Every structure is written in C-alpha cells, then in structure tokens.
There are 2 protein chains.
Amino acid sequence: MSKAFRNRVILNILDKYKDIWALGYMGAVANWDLETYMPVSGAKVRGEAFGRLSTISQNLFLKKDFVSLIHKGEKEKNLTDEEKGVIRALIRSLKYYTRLPSDFLEKYEKTTTEATVIWREARDSNNFKLFEPYLSKIFNLNKAKAEYLGYKDSPYDALMDQYEENLSTREVELFFGEIREPLKELLVKIQKSPKYFKEHKLEKALYNEEKLKDLNFKILETFWADFSRLRLDISSHPFTTSFSNTDTRITTWYHKSDFARSLLGTIHEFGHALYDLQCKDELEMTPIVGGTSLVIHESQSRLWENFVGRSEGFIRKYKKDFDSVLSVKQSVSLPVDQYLQYFNKVRPSLLRVEADEVTYHFHIMLRFEIEKGLIEGRLKVRDVREVWNSKMKEYLGVIPKKDSDGVLQDIHWSGGTVGYFPTYSLGTFLSAQWEQKMGLEFRIQNLEFVKNWLEEHIHKYGSTYTLDDLLKKNHMKFDPSVNLKYLEKKYSKIYGF
Amino acid sequence: MSKAFRNRVILNILDKYKDIWALGYMGAVANWDLETYMPVSGAKVRGEAFGRLSTISQNLFLKKDFVSLIHKGEKEKNLTDEEKGVIRALIRSLKYYTRLPSDFLEKYEKTTTEATVIWREARDSNNFKLFEPYLSKIFNLNKAKAEYLGYKDSPYDALMDQYEENLSTREVELFFGEIREPLKELLVKIQKSPKYFKEHKLEKALYNEEKLKDLNFKILETFWADFSRLRLDISSHPFTTSFSNTDTRITTWYHKSDFARSLLGTIHEFGHALYDLQCKDELEMTPIVGGTSLVIHESQSRLWENFVGRSEGFIRKYKKDFDSVLSVKQSVSLPVDQYLQYFNKVRPSLLRVEADEVTYHFHIMLRFEIEKGLIEGRLKVRDVREVWNSKMKEYLGVIPKKDSDGVLQDIHWSGGTVGYFPTYSLGTFLSAQWEQKMGLEFRIQNLEFVKNWLEEHIHKYGSTYTLDDLLKKNHMKFDPSVNLKYLEKKYSKIYGF
C-alpha cells in the first residue's frame with residue numbers, strides 16, 4: 001500500500017498542524033461533555049474557555065510560518081490525493097480565517113450568543129416578535145459575511161459553501177425543482193390511501209425506558225460491537241462527535257412514548273459514527289480526518305436510519321424486542337405489519353425533526369426558500385412568519401397554531417447557521433444512491449458487507465475528496481430520481497396503491 | 001468588600017493568563033473523561049493531544065511579553081493579598097518552566113510513560129526485578145531534577161517543594177519523629193485490647209450496588225445539595241477534579257463488599273471538592289483559583305472522611321440506610337456499635353490505600369524514608385525491596401508475601417511522583433487541628449456551620465496563601481499533638497482501654 005503522506009513540505013505542515021488538531025480535539029471533548037454530563041451551572045465558565053481556545057487556535061493557524069508553509073505546499077508537484085486533500089482543507093480554513101475580520105467575528109459571536117438565549121425565550125412564549133429583531137441582525141450579518149467570503153452568482157452560495165464545499169444555489173434550486181412535484185404527488189397518493197392514518201397508536205404507547213436503553217445497545221452491538229471505540233449516551237438532541245477513529249461517541253434521546261424515535265435516533269447517529277470509525281489510521285490528527293462533507297455525512301446517517309432501521313428485515317429481526325419494550329402494563333405481541341406502518345408512517349406535520357421520509361424535504365425547501373430570499377434581499381424579516389405559514393399550507397396543508405411549532409422551531413438561525421439546511425435533503429437523496437450501488441447485497445442479514453463496502457468506497461478516505469470527487473471516484477453522479485423511485489416503490493407497498 | 005484585583009499590571013497579567021487557564025481547563029475536562037467515560041481504545045490518541053496541549057501551554061507561558069509582565073508585577077507595591085498570591089504562583093510556575101531543560105522533560109516524560117506500563121506488568125506478575133531498572137532510572141532522573149530546581153539542605157527538599165511549597169525534609173523528619181512512637185504505642189494498645197479483631201464481618205458482607213449508589217447521592221445531598229455544580233461518577237480510584245466553582249466533580253468506587261470503602265471514598269473526595277466549590281468567584285480563571293496546597297487539600301478531605309464519615313453521629317444518622325444496603329439476601333439490622341467498629345477498625349495491613357487512621361502514617365514514613373534515602377544517595381535501588389519489607393516488619397509487624405502487596409503497590413514512583421507521600425500524613429494531621437479550632441460546633445447535625453466555617457477560614461482564599469501563611473492568618477501553628485490526642489481518645493473509647 002502506498003503511503004498517503006510522503007512529501008517533505010506536507011509532512012512538515014502536518015507536524016505543525018498537530019497543535020491545531022490538539023486544540024480542536026480538546027474542544028470537542030469539552031463540547032461532548034457539555035451536551036451530556038456537565039452540571040448546568042458550569043456553562044458560563046465553559047463559554048469563556050471555548051472563546052479563548054478558539055482564539056489560540058486561530059492565532060496558531062495564522063502564524064506566518066504556518067501560512068507560508070501552506071502556500072509552499074500548494075505549489076508542490078506530484079502530491080498524493082491525501083496530500084492534495086490536506087492542502088485543499090487548509091486553504092479553505094485559511095480563507096475563513098483571513099477573509100472574516102476579527103471584529104466582525106466578535107460581533108457575530110456576540111449576536112448569536114444573545115440571539116440563542118432570546119430565541120429560547122421567544123419559542124417558549126410563542127412570540128416571534130421578540131425574536132424578530134435578532135433574526136434581522138443575524139441575516140444582516142450573514143449578508144455581510146457572504147460579501148467578505150465572496151461568491152460568483154448568489155451571496156447564498158458563499159453561505160452554503162461553509163457547510164458543503166462548492167454547493168451552489170443554482171444546483172439546489174434544480175434539485176428541489178426535480179423533487180417538488182413527484183413528492184407532492186406521492187404524498188397525495190399516500191393521503192388518499194385507505195391505509196392512511198392520522199395517528200398510529202404506537203406513537204402514544206408508553207415504553208420501558210430501561211429495556212429500550214438495553215435494546216439500543218443490543219442493536220449497536222449487532223452493527224458494530226466494538227465498544228472500546230464507541231459510546232452511546234443521552235442528550236437533549238441526538239448527535240455524533242468523533243475525537244478519533246478510536247473514540248467516537250453518539251447520543252440518543254428518550255421521550256416516554258414513541259420508542260422508534262429513540263431507536264432511529266441511535267441508528268441515524270451510528271451512521272455518522274461509522275464514517276468516522278472507519279476512516280483510515282493514516283489520516284488521524286490531520287485536517288482530513290473523518291468525514292467533513294455534510295452531504296456525505298448525512299447520506300451515511302440516513303442510509304442506516306432509512307434503509308436499515310425502517311426496513312422490514314430490521315423490524316422482523318427485532319420484533320420480539322419491540323414487544324418487550326412496550327410491555328409496560330401487560331405483555332404485548334403486535335404483528336410485524338403494525339410495526340412496519342409505525343416505523344414508516346407518512347403524514348404532513350409541523351415539526352421538521354419529526355417528519356418522515358416524504359414530507360421532510362418540504363420542510364427543507366421552505367427553509368431554503370426563506371433563507372435565500374432573505375440573503376438575496378427579496379424577502380424581509382418582518383414577512384418571514386407569514387411566508388413560513390403560507391408555505392406550510394402550500395406544501396403540506398398544515399398551518400402552525402403557534403410559532404414554536406412554526407418559524408421558531410429550529411435553533412439554527414439563532415446560532416447564525418444559515419445555508420446549512422439543504423445538506424439534509426441532499427444527503428438523504430444521496431443515501432438512496434449508495435444503497436442502489438451496493439445493490440442486492442444490502443440486507444440486514446449482511447451488514448458486514450455493507451460496512452466493508454462503505455469503508456472501501458467512502459469512509460476510509462475521510463475528507464480526502466470533495467463530494468463531487470468522491471462521486472466521480474465511485475463512477476456516480478448525483479441523481480435524485482433514485483430516491484424518488486425508492487420512495488414510490490416502498491410507500492406504494494406499505495400504503496397499497 | 002474591597003476588590004481582590006485592582007493593580008493595572010496584575011489585571012493585564014490576569015487577562016493574558018486566561019489563555020493558559022483555558023488550556024488547563026480543557027486538559028482537565030479531557031482528563032476527567034479519560035478516568036470516567038473514555039472508551040479504552042481512545043487512550044493513545046488522547047496521549048498525543050495531551051502532549052501537544054502541554055507544549056502549547058508552556059510556550060504561551062514563556063512568551064517574552066508574559067514573562068516580563070510577571071517580573072514587572074513582582075516589583076509593584078501595595079498589592080492585595082490575592083495579587084501577591086498571583087505573582088507567587090506565577091513565579092513558581094516560571095521556575096519549573098525555566099529551570100528544567102526541555103530535553104530533560106522529554107526524557108522524563110518518556111521514561112515515566114514506559115515505566116508505568118512496566119510497573120503494571122511487574123505488579124501483575126509480582127516481579128520487582130522487572131521494574132527495578134526503571135525505578136533506578138526514575139530516581140536518577142529525580143536526582144537530576146533536584147539539581148536543576150535547586151535546594152538549600154537536602155535535594156529531597158526540591159522534590160517535595162513541587163507538591164507542597166517550601167516543605168523541607170527537616171520539617172518532615174521532625175514531624176515523623178514526633179508521631180512515630182506515640183502511634184506505635186497506640187497501635188500496641190489497640191492490638192492488646194480484647195475488642196481487637198482481625199477481620200470484621202462487614203468487610204466481606206456483600207452489598208446492593210444500586211442502593212449504595214443511591215446512598216452515596218443521598219449523603220452528598222445532605223452535605224451539599226447543589227448538583228448543578230457537582231457531579232459524582234465512578235472511576236477505578238476515587239478522585240476530585242475542579243473546572244470551576246460551578247463545575248466540580250468527584251468519583252467513587254464499588255467493590256461488591258466492604259461498603260464503607262465506597263462511602264468514605266465519596267466523603268473524602270467531597271472534602272476536596274468543597275474546597276474548590278467554595279473558592280470565591282473573583283479567583284475564577286486566575287492562577288490562584290481552587291486549593292493548591294496538597295497538605296491543606298488533604299486536610300479537607302480527611303476532615304470530612306474521618307470527623308464526619310467515621311463519626312458516631314454519622315453512623316447513627318445513616319444506620320438504617322446501611323442496613324438496607326446490606327440487605328442482599330435477607331433483611332439486616334445491625335447495632336450502631338457494629339458499624340462504629342467496622343468504620344473505625346484499626347489493624348496493621350499491607351496496603352496503604354486500605355490503611356486506617358492509625359497505621360496509615362507508618363506506610364507514609366516508610367515511603368518517605370526510602371525516597372529520601374534514594375535521593376540523598378544513602379540507599380540503592382537494588383536494596384529497596386528488602387528495606388521495604390524490613391520496615392513493614394518493624395513498623396507494622398507484617399511482611400508482604402508478594403511484591404504487589406509491597407514495594408509494587410503504588411503507582412506514584414512509576415509516574416515519576418517523588419516527594420508527594422508526606423503531604424498525605426501532614427494533611428491528615430492538620431485536619432484534626434481544623435476540627436479542634438471549630439470546637440464543639442463541629443457536629444453532623446451542624447454541617448452548615450462547618451461548611452461556612454471552612455469557607456470563611458480556608459476555602460474562599462483559594463490558593464492565595466501558602467500553607468504557613470494560611471495557618472498564621474488563622475492564628476494557628478502546625479501541631480501534630482492534636483491529632484495524636486484525638487486518636488488516643490477516640491480509639492481508647494472504641495477499643496475500651
């Protein structure tokens with residue numbers, strides 16, 4: 001096997017980079033702790049420590065000798081793919097560090113920290129007016145950010161690029177243009193089906209939390225087994241964080257009822273974790289360790305969530321465990337079909353995080369259209385609430401009765417995260433293409449094959465490649481029709497049309 | 001209330017110091033994680049991250065402008081006690097950073113990392129010969145360290161000073177000289193007592209771990225109650241770590257039987273934690289936050305462990321809980337006296353960490369004498385095992401059958417920690433003086449008073465003062481006779497002589 005890193009300049013870069021890596025590593029551990037075990041009063045001091053850490057890290061990155069090494073590396077010939085990946089990743093970081101003035105970043109940080117507090121208040125009191133001035137500030141700051149960062153066509157491009165390298169507004173528009181009508185039609189067919197239900201009884205059924213915890217671990221053990229490198233904990237919203245391919249952590253949640261939410265949360269995060277766990281050792285402590293493209297990352301989590309967790313094979317395999325988890329007051333034995341319908345219910349709803357495989361994308365389209373409108377100046381913040389509600393009506397036929405179920409539901413904007421949402425839909429659509437590529441061998445009985453395939457074709461590269469290059473390397477092209485066909489086929493079977 | 005920090009130079013120092021603080025903070029979080037939740041395979045990469053972090057921190061500390069600021073601060077007049085404390089603490093760190101050459105530190109780090117691995121092997125196979133060459137290297141390195149650091153009388157002074165500022169070999173010798181005979185006599189009296197027992201049945205009695213966990217929390221709640229600032233977790237050896245006075249964490253252990261070990265572990269660590277939790281807010285993020293004198297720290301943990309946890313009042317208060325924890329096979333109700341004897345058993349034993357209030361100090365004397373002998377060149381490493389065993393015979397009348405119960409029992413030497421042990425005994429003796437100072441108000445029924453007293457007289461100052469200065473401030477002088485009298489009185493009652 002040829003070595004990933006051999007160029008003298010790159011090796012020098014990687015050695016110096018380890019300092020920056022170490023600071024990032026420490027910050028990641030502290031962040032995991034914050035989300036899982038930190039006593040609540042510790043937040044304020046931790047915020048101070050994070051602030052200092054990021055400044056120290058930025059200063060190390062911008063040290064003259066490091067920056068000139070990067071530029072020297074850029075000019076080197078005959079680099080391996082990994083070496084090119086390192087340069088690409090560092091140039092990208094350098095762009096953010098150098099183009100955004102420090103007083104701007106400080107203002108951005110201050111505004112979003114305040115806004116997150118206000119957003120919580122506004123959400124809890126269903127009062128969009130309270131949040132509106134902050135939303136306005138945040139979108140103004142994001143417009144400025146786009147100008148600092150630079151773009152070719154739309155300023156929204158510059159913002160999306162933060163989360164998915166090179167992703168353009170035009171591409172996303174084309175993508176949504178391609179899926180909007182087919183998904184609408186599919187949803188209508190499902191809603192007209194005699195099998196359509198407004199609420200499944202399992203959504204309200206209480207479960208035994210201890211048993212569900214055990215089941216989460218049991219399932220993970222079937223998927224992965226090596227708990228010397230993986231942890232599962234609890235947090236207010238499931239997430240994955242990876243410190244290295246020898247220490248990657250996921251979390252899930254428990255809500256007393258609706259047990260699939262917890263299981264699918266675990267499985268979704270496992271999909272993310274596997275990407276990091278199977279990154280090759282050579283990339284450890286480099287700028288290209290772990291998966292960084294959000295679209296690829298989401299394609300992994302969705303692959304496991306939808307193609308494993310929601311599959312009939314999976315449900316058959318764990319049916320008895322589901323029965324046992326639900327046996328709170330009396331023993332339960334439900335037919336597989338009941339579980340299959342419950343795991344795969346499709347229904348217009350108000351909350352994105354609770355949305356199913358079909359309606360989910362309308363939630364994303366709505367956010368994309370609002371964000372783009374605001375950033376391109378064709379929409380005013382004062383109209384956001386109204387636009388939100390009318391688009392919900394248009395796409396899903398439901399209107400939020402309160403803003404906490406509508407425009408105030410996501411934390412993203414308050415934290416300054418603009419341009420992120422499209423990656424959720426793109427990743428989900430891409431997941432169906434990986435499944436198709438693996439073909440018939442993708443089965444719950446054959447997860448060893450699936451894991452190895454993903455390692456070989458995606459995971460081991462970490463973030464050596466951009467999304468486009470990784471697809472090319474696998475002789476693929478992004479094609480939304482694959483997921484559309486999968487959804488049509490799957491739901492016509494479940495809903496019988 | 002007057003401000004702790006007002007001098008312009010000091011304020012400038014403190015602002016710059018926050019970077020170093022933040023790195024220390026992150027390292028502490030990562031270290032807590034390592035001891036509690038880290039998947040085992042994560043250790044190697046974490047080691048790399050720690051290594052980089054400490055270099056970055058040292059580089060920040062040794063930056064020219066920071067060092068010259070410290071020296072400028074040294075010359076400032078009319079400093080507050082806290083400001084003087086800051087300068088004292090920084091000058092102390094500077095001494096270590098500047099006097100120890102980096103190639104020496106690297107060698108030290110490398111040797112002790114290797115030695116710790118070998119020590120575990122040697123301990124597990126009861127083979128001192130395996131560890132001997134490493135012990136030899138480590139003591140040679142420590143001799144060199146003492147020369148680098150400098151000292152007045154004994155090179156061992158320089159090593160102890162790392163753990164307790166200004167502590168001298170001469171003082172420790174006088175201290176042990178004062179306690180050796182009285183403790184021996186007390187031990188003989190206990191051993192001759194008709195109430196003396198070789199093993200208490202509660203040492204082997206199994207307990208219900210879930211109930212004991214709950215009891216640990218229940219006790220902590222009586223002591224402190226504010227779990228928004230304190231956590232209790234599990235680790236292989238109990239410890240305390242404090243990230244701030246709003247986030248301090250302790251751990252305990254569980255061994256299936258001998259429940260007092262777990263409870264007293266929790267209570268001991270709580271004593272450490274309280275010192276950090278009650279440090280005043282103004283000292284947060286400064287070099288004098290939290291208690292740093294190891295003797296004072298140990299005096300706090302021992303105060304809670306011995307004067308609260310082993311007290312009759314405590315045992316009466318929780319007797320029913322003890323009964324319940326022990327009710328594994330059948331319901332249990334033991335008389336208070338049984339528990340009192342069990343919590344306060346005195347008996348020569350081989351292991352320091354299991355030793356009682358009387359015999360503990362012989363374990364420390366033995367280690368002190370061996371360390372001093374090796375550092376001062378009067379003892380050879382090849383004779384350490386024999387000296388250990390003969391001193392055990394002399395002090396406690398027992399000889400280890402295997403080295404893992406003897407010379408190989410502590411992790412300290414393999415990690416390069418030489419000069420630390422004496423602080424355990426000194427702290428324990430000091431704890432009795434605090435109790436005496438508080439007088440009759442020290443009662444399990446009056447822990448609010450105890451906490452407030454400790455806050456007012458010790459905790460709020462963090463490490464503003466050295467041990468000597470803190471004692472002076474409280475109109476006290478270190479006096480071993482107080483603990484000797486307490487032991488005599490307590491154990492004459494329990495053992496009836």
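The model is predicted, and local features need pLDDT of at least 70, while side-chain atom pairs count only at pLDDT 80 or more and totals for chains, interfaces and linings use all residues. Residues are numbered from 1 along each chain as its sequence is written, chains are lettered from A and ligands numbered from 1 in the order in which they are written, and side-chain values use heavy atoms, with hydrogens and water left out.

**Salt bridges**

Side chains of opposite charge can pair when their charged atoms come close. With a salt bridge taken as a side-chain nitrogen of Lys or Arg within 4 Å of a carboxyl oxygen of Asp or Glu, the count over all chains is 86.

| Pair | Closest N and O atoms |
|---|---|
| A:Asp226 and A:Arg229 | 3.7 Å |
| A:Arg367 and A:Asp410 | 2.5 Å |
| B:Asp247 and B:Arg249 | 2.8 Å |

A:Arg367 lies in helix 15 (residues 360–375) of chain A and A:Asp410 in the loop between helix 16 (384–396) and helix 17 (422–438), so this pair ties together parts that are 43 residues apart in sequence. Helices here are DSSP runs (H or I) of at least four residues, numbered from the N terminus.

Burial is judged by relative accessible area (buried under 20%, exposed over 50%, partly exposed in between, with a 1.4 Å probe and protein chains only). A:Arg367 is buried at 0%, and A:Asp410 is buried at 11%. B:Asp247 is buried at 0%, as is B:Arg249 at 0%, whereas A:Asp226 is partly exposed at 23%. A network of salt bridges links A:Arg88, A:Arg92, A:Lys95, A:Asp161 and A:Glu165.

**Surface patch**

A:Lys16, A:Lys63, B:Lys16 and B:Lys63 form a positive surface patch, in which residues have over 30% relative accessible area and no salt bridge, and like charges are joined within 9 Å. A:Lys63 sits in the loop between helix 2 (43–61) and helix 3 (64–75) of chain A, and its relative accessibility of 47% makes A:Lys63 partly exposed.

Key:
Patches are made of residues with over 30% relative accessible area and no salt bridge: like charges are joined within 9 Å, nonpolar side chains (Val, Leu, Ile, Met, Phe, Trp, Tyr) within 5 Å. Accessible areas come from the Shrake-Rupley method with a 1.4 Å probe; for residues, only the protein chains shown count as cover. Lys and Arg count as positive and Asp and Glu as negative; His and the chain ends are not counted. The place of a charge is taken as NZ of Lys, CZ of Arg, CG of Asp or CD of Glu. Helices (H or I, at least four residues) and strands (E, at least two) are DSSP runs, numbered from the N terminus.
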